[in-house]
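Biologist: I would like to learn how to read packing in a protein. Could you walk me through it slowly?

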Amino acid sequence: MNIWRGVATGLSAMALFLTLYSATHFSAPLCMHDVWPEAARSQGNGRIDPGQLFLRIPSTDRLREHLQYYTSGTHVAGINRTQAEHTRDYFVAQGVDAKIVEYYPWLNYPINQRVALFNESTQVVEFEAGLKEDVISGDSASEDPNNLPAFLGLSASGNVTGQLVYANYGTLDDFRALKAAGVSIKDKVVLVRYGGILRGLKVQGAERGGARGVLIYSDPADDGYCMGNVYPNGPWRPESSLQRGSVALIQVYPGDPLTPGYAATKDAPRLDPKDAKSLNGIPSLPLSYRDAEPLLRALVGHGKNASEISESWVGGLTSRGIEYWTGPSALAVNILNHVDSKTTPIQNVIGRIAGSEEPERAVIIGNHRDAWCAGASDPSSGSAVLLELARAFGELMRLGWRPRRTVIFASWDAEEYGLVGSTEWVEDNIDWIRADVIAYVNVDAAVMGPEFSASASPIFKDLLFAATKQVGFPGSNETVYDAWLRQSRGIQPNHNAGLVEGHKATPPVHVLGAGSDYTPFMSHAGVSSLDLGFGGRLGSYHSNYDSFKQMTTFVDPDFGLHQAMTRICGLVVIRLADDAVLKLNPISYAKALGGYIRDLERQVARHSAASSSVTTMKRFRRLRAAQRQFLTNAHLVEQSKHRLRSVYGEDCQMAGRRRRMNCRKLRKSINDRVSRLERHFIDPDGIPGRKWYKHALVGPGRWLGYEAQVFPAIAEAAEDHEWRTLRQYEKRIAETIYEAAWFLREV
């Protein structure tokens with residue numbers, strides 16, 4: 001059990017509890033774990049467990065104040081230094097050392113946009129898109145004069161015209177289906193809907209097919225009226241709503257497009273933009289479904305009826321009498337996208353609480369601050385959580401506590417353009433990060449709905465389950481863990497089927513891809529990372545309606561979800577920063593690795609001419625053998641932990657003076673093995689064709705973008721039918737897993 005180190009001698013558990021109770025504003029109760037102060041007392045010594053004390057601190061009122069501040073106006077990357085200064089000053093006021101760190105990436109901003117449907121022969125304009133969202137009475141965020149028009153970050157400037165072709169979600173398979181149906185996109189303007197893959201990949205696929213421009217619209221079947229009532233009468237996307245976002249190709253590399261692999265400092269050498277592999281070369285714009293409707297009508301009767309390709313090509317506008325056709329249209333579409341592209345400063349805010357015993361080792365918790373609009377869910381709910389965590393840790397420090405290891409709070413800028421702020425900081429500090437950072441915890445869109453989800457390195461599973469079991473789910477008698485497990489099974493609240501004590505099933509912990517600021521830590525630096533959030537309602541995503549009003553009306557009116565997320569994140573960080581022995585379990589990693597191999601075998605079978613299960617099993621026998629050795633050695637680490645606890649105690653409190661050195665040596669060995677394990681999956685040469693991504697086991701899919709691909713080098717060799725290359729990479733990655741297994745044996 002962890003103890004409270006650094007508290008003045010003689011300060012009892014009860015006295016410290018009373019001090020905090022009188023000094024701190026409390027709000028919602030802790031639900032199922034509201035036993036106080038007994039729950040805060042460590043075993044037998046009267047000292048305080050900071051995790052239990054921490055649980056009482058996060059305030060729904062303070063979280064509301066933080067969110068109201070961050071959503072008070074549009075705060076696009078690079079043009080709102082005021083919020084960076086506010087964040088820094090708030091950290092400092094809580095006793096956290098903090099500073100602003102600037103970088104100078106290549107970003108762009110909208111100047112003039114146009115989408116028009118017209119007759120090329122007569123030049124008569126049939127329709128001109130509004131490209132703006134309606135003002136909603138009572139929602140000040142929708143009235144902000146600084147709101148962006150229709151715009152996609154890092155989109156190419158251009159003024160292009162062509163016939164229109166509809167390509168469903170714009171996936172690789174969708175473009176192949178069009179080609180098979182005899183519909184060409186060469187010299188056309190392509191209309192696709194949001195969903196399926198990263199928006200930048202939609203543009204890349206169209207560009208590779210020779211298209212001149214791309215329009216991406218939000219179909220009501222995906223997040224509009226087909227899902228329920230639209231804003232302001234419900235949480236779903238109304239007809240004028242635009243989804244902004246970046247079209248950078250982050251699956252190639254994230255961060256500044258002109259400085260791949262090194263920091264975008266003021267005087268750094270830069271690529272010519274035309275040579276930047278993460279930039280698309282044709283213009284693109286987002287559309288609302290109100291603006292997309294006339295374009296879809298112009299396609300009716302031209303080309304193929306989309307249902308002939310697949311029923312999945314038919315969207316939700318059929319309720320308005322629209323048929324979905326491929327085109328090409330008889331009328332032409334003009335896209336004007338005039339943007340101001342430039343090197344511009346961005347501001348990361350970095351706060352630091354120095355560790356008391358291992359100050360060189362660090363745990364980082366981060367969230368991005370920039371948003372396309374007010375950004376209540378994405379990212380300001382996470383920014384509110386980050387500030388409340390800083391306040392809570394400040395309260396603990398005022399009572400004398402210091403974490404064993406250093407804690408770093410990071411408020412990133414320019415995430416929305418392509419994970420820019422975090423990537424530049426990691427590239428700038430790569431040697432220190434690889435040497436000393438234990439873990440990275442990401443809290444981006446902390447609250448978007450009522451469904452908890454987690455993506456993480458498998459080594460965090462036990463710690464994550466333990467933390468969610470300590471926090472009550474708002475408005476219920478469940479813990480967050482209970483609700484998470486229930487939701488993952490599709491069970492309704494108050495239905496306890498399957499949730500009996502001892503049931504073996506656990507909630508899903510997803511594989512990390514490249515969807516947020518964990519990416520440079522996990523995929524480039526080899527730092528074990530996790531990403532946490534409450535999701536489930538995406539109807540306001542990246543629109544003017546992701547506002548404080550929408551949040552407090554439909555998503556989290558009493559800020560209970562914000563409070564629960566703060567508690568979960570705080571518990572995870574405290575355990576990582578303060579436990580004498582890190583609760584990171586390599587057995588969980590080894591078991592997950594077995595699942596990765598099974599997933600890979602199924603994927604390769606789909607691409608293989610010899611797709612029988614026996615053939616596939618033989619193909620990956622090296623990986624399976626390496627995984628078995630990895631699992632065996634992972635058990636040795638857990639045996640070392642058991643020996644430490646039983647012989648010495650985690651804090652070496654059972655060891656005499658002569659044996660204390662042996663205890664500390666063993667403890668350091670255990671902590672080094674579990675905290676540095678992820679580094680051993682880093683391949684210095686990176687994924688073929690995408691060398692910035694260096695993790696051999698997981699990474700963003702080449703044609704998935706945000707979504708994860710296990711064993712990307714092997715999977716992509718199978719996609720390309722490069723079977724000799726596949727075998728080479730199986731051998732190479734099996735050797736990598738063996739090396740990680742032998743590292744786990746070191747004492």
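Biologist: Which residues does F630 touch, not counting residues up to four places away in sequence?

Modeller: In general, contact means heavy atoms within 4.5 Å. Here, F630 touches P586, Y589, A590, L593, L677, F681, I737, A740, A741 and L744, leaving out residues up to four places away in sequence. Keep in mind that this is a predicted model, where local features need pLDDT of at least 70 and side-chain atom pairs count only at pLDDT 80 or more, while totals for chains, interfaces and linings use all residues. Residues are numbered from 1 along each chain as its sequence is written, and side-chain values use heavy atoms, with hydrogens and water left out.

Biologist: Which residues touch the most other members of the largest nonpolar core?

Modeller: A nonpolar core is a set of buried Ala, Val, Leu, Ile, Met, Phe, Trp, Tyr and Cys residues joined through side-chain atoms within 4.5 Å. Buried means under 20% relative accessible area, exposed over 50%, and partly exposed in between (1.4 Å probe, protein chains only). The largest core has 170 residues, and F409, F630 and F711 touch the most other members. A second, separate core has 48 residues, including L117, L178, I216 and Y217.

Biologist: At what angle do α18 and α20 pack?

Modeller: Helices (H or I, at least four residues) and strands (E, at least two) are DSSP runs, numbered from the N terminus. Axes are lines fitted to C-alpha atoms, for helices over the stretch in contact, and angles run from 0 to 180 degrees between N-to-C directions. Helix α18 (residues 586-607) and helix α20 (residues 621-648) pack at about 165°, with axes 8 Å apart. The two helices are therefore roughly antiparallel, a term for angles over 145 degrees. Among the residues making this contact are Y589 and L593 of α18, and F630 and L631 of α20.

Biologist: Is I197 buried or exposed?

Modeller: I197 counts as buried because its relative accessibility is 12%. This residue lies in the loop between β6 (189-193) and α6 (199-208). Beyond residues up to four places away in sequence, I197 touches Y169, G170, T171, K202, W703 and L704.

Biologist: And where does N159 lie?

Modeller: N159 lies in strand β5 (residues 158-166). With a relative accessible area of 54%, N159 is exposed. N159 touches N334, I335 and L336, again not counting residues up to four places away in sequence. N159 and D173 are 14 residues apart in sequence and 28 Å apart in space, C-alpha to C-alpha.

How values were computed: Angles under 35 degrees count as roughly parallel, over 145 as roughly antiparallel, 65 to 115 as roughly perpendicular and the rest as oblique.
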